[in-house]
Amino acid sequence: MADLQERKIKDAQMRATINQKLVETGERERLKELLRTRLIECGWRDQLKAQCKEIVQSKGLEHITVDDLVAEITPKGRALVPDNVKKELLQRIRTFLAQQSSM
């Protein structure tokens, strides 16, 4: 059990370190912009917008909050991200990390 706890702590520390490097170098913003562009290109944004409209229409504008809408749409939005977009971002992050470790 302690090993699992230690592993989780190390993973969290590693994610924090990677995120810090991404922010410091400006790569995080470049990746966010790439993601935005890819999601628009593949129609993800339009799909999500349509689903939001459906949810609001079915529940009624006066009966739903922004937080409710976000909670309901987030899992759908994550599931709708195309695998090729996820793979492209993952590859960009791997390339970034490889470049960082060789410096």
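The legends below describe close-up views of a predicted model. Local features need pLDDT of at least 70 and side-chain atom pairs count only at pLDDT 80 or more, while totals for chains, interfaces and linings use all residues. Residues are numbered from 1 along each chain as its sequence is written, and side-chain values use heavy atoms, with hydrogens and water left out.

**View A. Salt bridge between arginine 92 and glutamate 27**. The structure holds seven salt bridges, a salt bridge being a side-chain nitrogen of Lys or Arg within 4 Å of a carboxyl oxygen of Asp or Glu. In this one, the closest N and O atoms of arginine 92 and glutamate 27 are 3.6 Å apart. Arginine 92 lies in helix H5 and glutamate 27 in helix H2 (residues 27-41), so the pair ties together parts that are 65 residues apart in sequence. Helices (H or I, at least four residues) are DSSP runs, numbered from the N terminus. Glutamate 27 counts as buried because its relative accessibility is 9%, whereas arginine 92, at 33%, counts as partly exposed. Here buried means under 20% relative accessible area, exposed over 50%, and partly exposed in between (1.4 Å probe, protein chains only). Glu27 and Arg92 also belong to a network of salt bridges with Arg30.

View B. Glutamate 29 is partly exposed at 47% relative accessibility, and lysine 32 is partly exposed with a relative accessible area of 32%.

**View C. Salt bridge between glutamate 72 and lysine 59**. The closest N and O atoms are 3.0 Å apart. This pair links distant parts of the chain, with glutamate 72 in helix H4 (residues 66-80) and lysine 59 in helix H3 (residues 44-59), 13 residues apart. Glutamate 72 has 27% relative accessibility and so counts as partly exposed. Lysine 59, at 40%, also counts as partly exposed.

View D. Leaving aside neighbours within four places in sequence, glutamine 100 is in contact (heavy atoms within 4.5 Å) with Lys21 and Thr25. Glutamine 100 counts as partly exposed because its relative accessibility is 22%. Alanine 2 is 98 residues from glutamine 100 in sequence, and the two lie 31 Å apart in space, C-alpha to C-alpha.

Key:
Helices (H or I, at least four residues) and strands (E, at least two) are DSSP runs, numbered from the N terminus.
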